[in-house]
Amino acid sequence: FDTALESTRNISNHCTLLMLLKQRRIKFLISLNKIVKMKNKVRLSALDQSPVKTGSDASTALQETIELAQLCDALGYHRYWVAEHHASDALAGCSPEVLLGRLGAETANIRLGSGGVMLPYYSPYKVAESFKILQTLYPDRMDLGVGRAPGTDPFTAAAIRYGSRVGAEHFPNMVIDLQAL
């Protein structure tokens, strides 16, 4: 991490970002398989859950997500991911693909992705088409991350699936279907 800070053009911008990240409880995606050293530079990524601060609202949280993505883009961060959470007053991001469309329009270079789309709720074909459109609008900038966790309470999970009997037990086959598309 120190190497990345030393190699940046503007350390104060990184300090501002770090304060914002700490305030928003953003999780850095810095794992051994994600750290790539290139000429004394570490590629950094951020995962934003679009938290709603106490006394604030979802609209403000999503605006802060846009601003943070723009700042990460300006600072040369490698990737910015958004999460999917449902029926939560504390987290505003329930539709990564919609939010990614806006972030793509508001940024220029940073890779954008879902961390991740809860695949058991959706048709793999529909997910593939949604991300194909995003990739067409923002070439070589979109990453599709998928998950199988419910990401919500059982009642909301059932409402999202609305009658579908396909659940997490079909996740391996859904991933294979998604990769084939």
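**Figure 1. Contact between helix 5 and helix 7 in the predicted model.** P124, V127 and A128 of helix 5 meet M174, D177 and L178 of helix 7, contact meaning heavy atoms within 4.5 Å. By class, this contact comprises five nonpolar residues, no polar residue and one charged residue. Here Ala, Val, Leu, Ile, Met, Phe, Trp, Tyr, Cys and Pro count as nonpolar, Asp, Glu, Lys and Arg as charged, and the others, Gly among them, as polar. The structure is a predicted model, in which local features need pLDDT of at least 70 and side-chain atom pairs count only at pLDDT 80 or more, whereas totals for chains, interfaces and linings use all residues. Residues are numbered from 1 along each chain as its sequence is written, and side-chain values use heavy atoms, with hydrogens and water left out.

**Figure 2. Geometry of the packing of helix 5 on helix 7.** Two packed helices are described by the angle between their axes and the distance between the axes. Helix 5 (residues 124-137) and helix 7 (residues 171-180) pack at an angle of about 40 degrees, and their axes are 9 Å apart. Helix 5 is therefore oblique to helix 7. Angles under 35 degrees count as roughly parallel, over 145 as roughly antiparallel, 65 to 115 as roughly perpendicular and the rest as oblique. Axes are lines fitted to C-alpha atoms, for helices over the stretch in contact, and angles run from 0 to 180 degrees between N-to-C directions. The crossing of helix 5 and helix 7 is right-handed; a crossing is right-handed if the near helix is turned clockwise from the far one by less than a right angle, and left-handed if anticlockwise.

**Figure 3. Y125 of helix 5.** Y125 lies in helix 5 and, at 48% relative accessibility, counts as partly exposed. Buried means under 20% relative accessible area, exposed over 50%, and partly exposed in between (1.4 Å probe, protein chains only). Y125 and A180 are 55 residues apart in sequence, and their C-alpha atoms are 9.5 Å apart in space.

**Figure 4. Crossing of helix 3 and helix 4.** The axes of helix 3 and helix 4 come within 10 Å and cross at roughly 45 degrees. The two helices, helix 3 and helix 4, are therefore oblique to each other, and their crossing is right-handed. L62, T65, I66, A69 and Q70 of helix 3 make the contact with L99, R102, L103 and E106 of helix 4. By class, the residues of this contact are five nonpolar, two polar and two charged.

**Figure 5. Buried residues of helix 4.** In helix 4 (residues 96-106), the buried residues are P96, L99, L100, G101, L103 and G104. The buried residues of helix 4 pack against helix 3 (58-74), strand 3 (79-82), strand 4 (111-114), strand 5 (117-118), helix 5 and strand 6 (142-143). Helices (H or I, at least four residues) and strands (E, at least two) are DSSP runs, numbered from the N terminus.

**Figure 6. A83 in the loop between strand 3 and helix 4****.** A83 is buried, with a relative accessible area of 5%. Leaving aside neighbours within four places in sequence, A83 is in contact with L47, D48, Q49, G93, P96 and G115. The C-alpha atoms of A83 and C94, eleven residues apart along the chain, are separated by 7.5 Å.
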